[in-house]
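Dear colleague,

Please find below the structure that I am handing over to you. My findings follow it.

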Amino acid sequence: MTYENILRTDDDGITTIAVHRPDKLNALNDQTIGELQHCFDALAADDSVKAVILTGSGEKAFVAGADISELASQTSLTARPLAMKGQKLMNTIEATPKPVVAAINGFAFGGGCEMALACHFRYASDNAVMGLPEVTLGIIPGYGGTQRLPRIIGKGRAMELILTAGRVDAEEAHRIGLVNKVFPQAELLPKTTKMLRKMLSFGPVATSFALDAVNHGSEMPLTDGLNYEATFFGLLASTNDLKEGMAAFLEKRAPNFTGS
Ligand code: COA
């Protein structure tokens, strides 16, 4: 599939996906959601891809939201499938079995903020501004924002942000735990890449199990989540990566993980 609205760059295991609609501040129209869905389905199945950075093209916007010109023409029959299509994409991003990091390089409103919330964690540039302003348009967040935001920053803060259509700058987003780190814009992608390179030096099977345990375990009652964690812990005992990691520590050398 040829993409018109996303740019893909592959660099030795790290794939960067940039939403690219420069004239619309990278707003998510139907075509862009379809392209992202196709791309993330392919990334999940591609063994050469070890980690993903999701960002926006240009210096102004990550993604300024769902495309309002398309939202304006929705009917009660089309709006629900539209929300479900967006939710499916966000679920796919979240379920990617390798780390997906949002590099929020500017405006991240509405669907853009929701896309960042679906990533495994978030880094932002110092010019980032985030929020879920849907109520100002007479709608609610429909791509998972009402569910993921409270899980990440807590119910009270999420409720306030959504009901007041609040906008938070990078500093405030960092303070409330909406983003994990903030960098000057020019350093956002280099620092994100550097962190991913470090993560890729760890045991890949353990990384993928940890992702799964956090993602699925957080949807379970604590007892089930703990059981799920212990099962992964047990499975890892049969991997070469565990033997190599422990041996490397004891022999005071760097590990050489094979992902087996
Ligand atoms: N959907 C469709 N088009 C959008 C868009 C969106 N979510 N956000 C921005 N655009 C378009 C604008 O319509 C404009 O297009 P035009 O030049 O053809 O008129 C272009 O992107 C540039 O946006 P503009 O508003 O001129 O830039 P700005 O710097 O003055 O303001 C924002 C930037 C992000 C503050 C402003 O665009 C905005 O509020 N966007 C909507 C945010 C939102 O409510 N998102 C949630 C949607 S559910």
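**The sheet and its helices**

This is a predicted model, in which local features need pLDDT of at least 70, side-chain atom pairs count only at pLDDT 80 or more, and totals for chains, interfaces and linings use all residues. Residues are numbered from 1 along each chain as its sequence is written, and side-chain values use heavy atoms, with hydrogens and water left out.

Six strands form an open sheet in the order 1-2-3-5-7-10, with mixed pairing. Strands are DSSP runs (E, at least two residues), as are helices (H or I, at least four), numbered from the N terminus; two strands pair if DSSP finds at least two bridges between them. Strand 1 (6-11) and strand 10 (181-183) are the edge strands, each pairing on one side only.

Strand 5 (residues 100-104) pairs with strand 7 (residues 121-125) in the parallel sense over four bridges. Here Ala103 stands opposite Tyr123 in strand 7.

Helix 1 (residues 30-45) lies across strand 1, strand 2 (14-19), strand 3 (51-56) and strand 5, where contact means heavy atoms within 4.5 Å. Helix 1 runs at about 175° to strand 2; axes are lines fitted to C-alpha atoms, for helices over the stretch in contact, and angles run from 0 to 180 degrees between N-to-C directions.

**The ligand**

A polar side-chain atom of Lys60 lies 2.7 Å from an oxygen atom of the ligand. Backbone N or O atoms of Ala66 and of Ile68 each lie 2.9 Å from a nitrogen atom of the ligand.

Yours sincerely

Terms used:
Polar contact = N/O pair within 3.5 Å; in protein donor to acceptor, adjacent residues only side chain to side chain.
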